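Subject: The model you asked about

Hi,

Here is the structure I promised to pass on. Have a look at it first, and then read my notes below.

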Amino acid sequence: MSLFYVWVTPAFIDGSWVDHTWVTDYDTHLTPHRSIHAVKANGGRVWLCWGDFHAKGKSMKHPNGLIGSAQGSLPVADCLCKANAYSKTDVDACGTILIYGIDGVCHQLANQVLWATKAPNVSPLVVQKARGYSVSKALYGVYGIDSQAWQQRTKSCAIRNLDPDPQWGVAMLANAPDSFERHAASVLRLSEKLSRLIKLRQQHQANLAELKASVLRGGKMPSAQMLNSLNNDFLRQAAELLGPIDFEKIFEIPAGEVVNLVDPKMLAEVDT
């Protein structure tokens with residue numbers, strides 16, 4: 001087994017309230033590699049998770065950038081998502097977050113890599129402490145909107161029996177619970193508001209799935225502005241449904257806050 005670390009830095013620009021997340025198998029403070037080439041040369045792994053390379057993390061809430069670490073299986077992580085490669089240029093480094101901003105963003109891809117920290121009776125590490133994660137999880141789910149593709153990926157990696165410890169293969173086959181719905185239910189209980197919120201979320205994710213199908217058919221990729229607008233429209237409707245108090249309890253942001261999770265620069269680089 002190896003130790004996985006998950007890091008954050010402000011997304012897009014310094015001062016952003018949303019965190020970008022990525023994963024390494026080394027402590028960036030003990031081994032501050034300056035490039036992917038340096039990581040490779042020293043036998044390390046970094047999963048950039050739809051982001052650029054960062055030597056270290058930093059965050060307003062987490063000054064050293066570290067938001068979690070856990071033991072896991074490197075062979076499993078390598079199967080789930082290719083390390084030491086840019087997601088924007090290498091499809092194998094995308095996991096099942098194939099279309100950035102539609103399938104998910106960095107949070108979902110980091111969670112996919114961290115699925116390798118799952119073991120019998122041990123939940124996998126997720127990027128729960130990243131700023132903006134409660135919103136991201138609501139919009140895209142924990143592991144992305146294409147749950148079928150994700151289940152197929154985890155099953156494939158389990159069947160290949162990549163880790164010498166057979167417990168890892170068994171653990172990989174377990175389904176991941178929808179922690180957003182569980183959290184929403186803890187706030188709203190079994191109420192009409194909960195049912196309407198779930199339906200609203202399902203419709204939002206269906207809209208994303210339709211956009212993905214259009215892109216795969218050769219349609220134009222939506223702009224970051226359009227995707228961020230679609231996401232914020234969901235949040236606006238959720239705020240109208242829930243009211244400011246319950247909305248903030250569930251999404252961990254004030255009602256009316258504009259949230260831009262999709263990085264225009266990343267999306268522009270994908271299109272070029």
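Let me begin with Ile-102. Setting aside residues within four places of it in sequence, Ile-102 is in contact with Tyr-140, Ile-145, Leu-208, Leu-211, Lys-212, Val-215, Met-221, Pro-222 and Leu-227. As background, nonpolar side chains in soluble globular proteins tend to be buried together.

Before you go further, keep in mind that this is a predicted model. The mean pLDDT of the protein is 91, and 91% of the residues reach 70 or more. Among the elements, E3 has the highest mean pLDDT, at 98, while helix H6 (residues 166–172) has the lowest, at 57. Where pLDDT is low, the predicted coordinates should not be read in detail.

Now the sheet. It is open and has 4 strands, in the order E3-E2-E1-E4, with antiparallel pairing. E3 and E4 are the edge strands: each has a single partner, so one side of each has no neighbour in the sheet. Helix H3 (residues 106–114) packs on the sheet and touches E1, E2 and E3, and its direction makes about 20 degrees with that of E2. Strand E1 (residues 2–10) and strand E2 (residues 19–24) run antiparallel and are joined by 6 bridges.

How many of its residues are buried? The count is 9 of the 9, so H3 is largely enclosed by the rest of the structure. Going along the helix, the buried residues are Cys-106, His-107, Gln-108, Leu-109, Ala-110, Asn-111, Gln-112, Val-113 and Leu-114. Besides E1, E2 and E3, the buried residues of H3 pack against H2, helix H4 (133–140) and H5.

The structure holds 1 disulfide, and it joins Cys-79 to Cys-157, with an S to S distance of 2.1 Å. The torsion about that S-S bond is about -90 degrees, so the disulfide is left-handed. This pair links distant parts of the chain: Cys-79 sits in helix H2 (residues 74–80) and Cys-157 in helix H5 (residues 147–159), 78 residues apart. Both ends are buried, Cys-79 with a relative accessible area of 15% and Cys-157 with one of 2%.

What about Cys-49, and which cysteine sulfur is closest to its own? That would be the sulfur of Cys-81, 6.1 Å away, which is too far for a bond. Cys-81 is accordingly in no disulfide. Cys-49 is buried, with a relative accessible area of 2%, and Cys-81 is buried with a relative accessible area of 2%.

Cys-49 also brings us to the loop between E3 and E4, where it lies. Its phi is positive, about 60 degrees, although Cys-49 is not a glycine. Trp-50 is found in that loop too, and it likewise has a positive phi of about 60 degrees without being a glycine. Is Trp-50 buried or exposed? At 5% relative accessibility it counts as buried.

Further along, between strand E3 (46–47) and strand E4 (66–72), the loop also holds His-62. At 15% relative accessibility, His-62 counts as buried. Leaving out neighbours within four places in sequence, His-62 is in contact with Ile-67 and Lys-129.

Cheers

Technical notes. Residues are numbered from 1 along each chain as its sequence is written. This is a predicted model: local features need pLDDT of at least 70, side-chain atom pairs count only at pLDDT 80 or more; totals for chains, interfaces and linings use all residues. Side-chain values use heavy atoms; hydrogens and water are left out. Helices (H or I, at least four residues) and strands (E, at least two) are DSSP runs, numbered from the N terminus. Buried means under 20% relative accessible area, exposed over 50%, partly exposed in between (1.4 Å probe, protein chains only). Contact means heavy atoms within 4.5 Å. Two strands pair if DSSP finds at least two bridges between them. Axes are lines fitted to C-alpha atoms, for helices over the stretch in contact, and angles run from 0 to 180 degrees between N-to-C directions. A disulfide is a pair of cysteine sulfur atoms within 2.5 Å. pLDDT is the predictor's confidence in each residue, from 0 to 100.
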